[in-house]
Amino acid sequence: MSTASIAPPSPARAWVLASRPATLPAAAVPVLVGAAAAVSDGASFRPVVFAATLASALLIQIGTNFANDYSDFHRGADHEGRLGPLRVTQSGLLGQASVRRGIVLAFGLATLLGCYLAWVGGWPIVAIGALSIVCGLAYTGGPWPFGYHGLGDLFVFAFFGLVAVTGTAYLQAGRWTPLALAVAVPIGLLVTNILVVNNLRDVPTDRAAGKRTLAVRIGERATRAQYALFAALAYAVPGALALTRGVVGGGGRWLLLPWLSAPLAVALARRVLGGLAGRELNPMLKRTGQLLLLFGVLLAAGLLLARPR
């Protein structure tokens, strides 16, 4: 069957494609783990605050995805020869004006929810929310898009790991805690690995478009090693936390629950190290997001089970 005979997706489906569902665990998992860390540290669970935090995080992620779709098309990184999943602006499934309105709507709704969260958490939440939106727009847009200058990995680790997890815990507990910071590290590493796969796949086209991602700068071989290293470090953190809380006779053993997902992590790392390239890496994006989700759910469960009784 020729591609010309394939019916284009409906407008609703096009918006779903633009939101990049495979990336949404990167927004949801940090909120889940941050809330679990706060409860594990003795805070009372605040369901309304949790729901608002989760919705705001998802909207910021979706708005960032819309902005990246739009900006990458205008900068020439998205074109007919791209190797990744379909992009709605480049393909014409959604008009440029429509995508701009989607960006405004997503970030606007996130800001409305952020007003409530700012009322709960004060000026630190105002700063986090404002920086998240600005950086979401500046990732591939603006006069100096840092995603084009090799800083994307650092941005993702900082905002989707450290900031998102500790910020969520702060909203639940009203204080910053070392535990939240510790569990933010493996989440940040696994979220970053989603970007690592994306950038590894796009090295040839990004290099041609002048998009100097970290993968372009360090090369494909080092990028594959980066993926495996980040996965290994992510699994080391629960082990270290379990030791601090006592594996035998203490609650620390529950913090080893994420290790149940290690076989999937090993399988994915072996495939990345094995030389997958181009469109062969597209399924790895989804599977790395699934690994993040599984790891995060198990870590959240372990944190709740390990809390003092």
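This is a predicted model: local features need pLDDT of at least 70, side-chain atom pairs count only at pLDDT 80 or more; totals for chains, interfaces and linings use all residues.
1. Let's start with the second largest pocket, which holds about 530 Å³ of space. It has 32 lining residues, and those closest to its centre are Ser56, Ile60, Ile128, Gly129 and Ser132. Helices α2 (25–40), α3 (47–75), α5 (96–121), α6 (123–138) and α7 (152–173) each give two or more residues to that lining.

2. Leu112 sits in helix α5, and it counts as exposed because its relative accessibility is 60%, with the cut-off for exposed at over 50%.

3. The salt bridge count comes to 2. One pairs Asp202 with Arg201, with 2.7 Å between the closest N and O atoms. Both Asp202 and Arg201 are buried.

4. The other pairing to look at is Glu220 with Arg224, where the closest N and O atoms are 3.7 Å apart. These two residues lie in helix α11 (residues 220–245), 4 residues apart, or about one turn of the helix. Glu220 has 32% relative accessibility, so it counts as partly exposed. Arg224 is at 9%, so it counts as buried; the cut-off for buried is under 20%.

Methods. Residues are numbered from 1 along each chain as its sequence is written. Side-chain values use heavy atoms; hydrogens and water are left out. On a 1 Å grid over the protein atoms alone, a cavity is a set of points where a 1.4 Å probe fits but cannot get out, and a pocket is an open set with protein on both sides within 12 Å along at least five of seven lines; lining residues have an atom within 4 Å of a point. Grid points are joined across faces, edges and corners, and a volume is the space filled by probe spheres set on the points. Buried means under 20% relative accessible area, exposed over 50%, partly exposed in between (1.4 Å probe, protein chains only). A salt bridge is a side-chain nitrogen of Lys or Arg within 4 Å of a carboxyl oxygen of Asp or Glu.
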